Amino acid sequence: MKLLEGKVAIITGASRGIGKGIAEVFAAQGATVAFTYLSSDEKARALEAELTAKGGVAKGFKSDASKFDDAQSLVDAVVKEFGTVDVLINNAGITRDNLLMRMSEDQWDEIMEINLKSAFNLTKGVLRTMLKARKGSIVNMSSVVGVKGNAGQANYAASKAGLIGFTKSVAAELGSRNIRCNAIAPGFIETEMTGALDEKVVQEWRDAIPLKRGGSTEDVANLALFLASDMSGYITGQTINVDGGMLM
Ligand code: NAP
């Protein structure tokens, strides 16, 4: 029996990186995958084709998670096409790093809209469906930076810490309706993006991690799978690090 058989999952920001890894693992575990992206049309079509070729049901939706109305229309379209939403993974996120001295108001606002408001938008969107079904699992993609803070990332750290507060509040509010909400705090995850960085610098980062390697998108996806599935039925309001022991 596959862990997500019969479940419909929305994953935001899955044209690449961690979101894509989650979409692949979810589809392999039997979920119907509705994923979103902002502009990578070709990558989205390729992922749709990849998952479908492996026998899964998957559809990519171009939808800006930071826009409230887009999020509501997305959920309506998913429910119309697939009947319900059992799992929401609020994964879409960006960085706009800068020292506070140089950080612009736009850099602050953009991060809050895309990283934090997006989770509000999508969670509001799925609420009615999950309340009616009296079940649901919501997972918010935070970061170890949201737990610990980081110089040069005041905007990003604040948005990711905000997601942890949001996660705990949603868990408290909706637990009685059997809707769970948890957060994942990845550490250094190696994606196509980090592949472009200086190998010497990346190796120094790896050496500083107790498990002596960067994480893979699959490492994060496996926790998302656990939290989305009924295996984690008594776990809510938690933030779990996937960081090779970086934060202890
Ligand atoms: P990524 O490779 O840059 O991918 C970001 C994804 O989000 C893309 O699919 C992008 O779509 C989508 N996206 C961006 N803005 C969006 C919007 N407004 N609406 C909908 N989708 C949007 O990122 P990643 O490294 O996989 O990170 C994924 C999440 O994990 C983020 O929340 C990030 O903060 C968090 N995280 C990452 C790491 C890490 O080491 N990588 C560590 C801790 C936390 P397009 O392709 O169309 O632009």
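**Figure 1. Pairing of I10 with A34 in strand β2.** The bridge partner of I10 in β2 is A34. The model shown here and in the other views is predicted. Strand β1 covers residues 8–11, and strand β2 covers residues 32–37. The two strands run parallel and are joined by 4 bridges. From β1, V8 and I10 point one way, while A9 and I11 point the other way. These β1 residues are buried on both sides.

Figure 2. K62 and D41 meet through their side chains in a salt bridge, with an N to O distance of 3.1 Å. K62 belongs to strand β3 (residues 57–62) and D41 to helix α2 (residues 41–53), so the pair ties together parts that are 21 residues apart in sequence. K62 is exposed, because its relative accessible area is 51%. D41 has a relative accessible area of 33% and is therefore partly exposed. The model has 11 salt bridges in its count.

Figure 3. The side chains of E48 and R45 form a salt bridge at 3.1 Å, N to O. Both residues lie in helix α2, where they are 3 residues apart, about one turn of the helix. E48 counts as buried because its relative accessibility is 18%, under the cut-off of 20%. R45, at 37% relative accessibility, counts as partly exposed.

**Figure 4. The salt-bridge network of E190, E199 and R206.** Salt bridges link E190, E199 and R206 in a network. Between R206 and E199, the closest N and O atoms are 2.9 Å apart. R206 has a relative accessibility of 14% and so counts as buried. Side chains of opposite charge can pair when their charged atoms come close.

**Figure 5. A patch of negative charge on the surface.** The patch gathers E105, D106, D109 and E113. E113 is placed in helix α4, which covers residues 105–133. With 36% relative accessibility, E113 counts as partly exposed.

**Figure 6. A nonpolar surface patch that includes V201.** L197, V201 and W205 form this patch on the surface, and together they have about 250 Å² of accessible area. V201 is placed in helix α8, which covers residues 199–207. The relative accessible area of V201 is 33%, so V201 is partly exposed.

**Figure 7. D198 in the loop between α7 and α8.** The loop that holds D198 lies between α7 (192–195) and α8 (199–207). D198 counts as partly exposed because its relative accessibility is 48%. From D198 to I164 the distance is 31 Å, C-alpha to C-alpha, and the two residues are 34 residues apart in sequence.

Figure 8. Most residues other than glycine have a negative phi. N178 is not a glycine, yet its phi is positive, near 65°. N178 lies in the loop between α6 (154–174) and β6 (179–186). With a relative accessible area of 43%, N178 is partly exposed. K212, also not a glycine, has a positive phi of about 60°. K212 is placed in the loop between α8 and α9 (217–228). K212 counts as exposed because its relative accessibility is 52%, over the cut-off of 50%.

Conventions
Residues numbered from 1 in each chain as written. Predicted model: local features only at pLDDT ≥ 70, side-chain atom pairs only at ≥ 80, totals over all residues. Heavy atoms only, no water. Patch = residues over 30% accessible without salt bridge, like charges linked within 9 Å, V, L, I, M, F, W, Y side chains within 5 Å. Areas by Shrake-Rupley, 256 points an atom, 1.4 Å probe, with all protein chains shown as cover. Salt bridge = Lys/Arg side-chain N within 4 Å of Asp/Glu carboxyl O. Lys, Arg positive; Asp, Glu negative; His and termini not counted. Charge placed at Lys NZ, Arg CZ, Asp CG, Glu CD. Buried < 20%, exposed > 50% of the residue type's maximum accessible area, 1.4 Å probe, protein only. Pairing = 2+ DSSP bridges.
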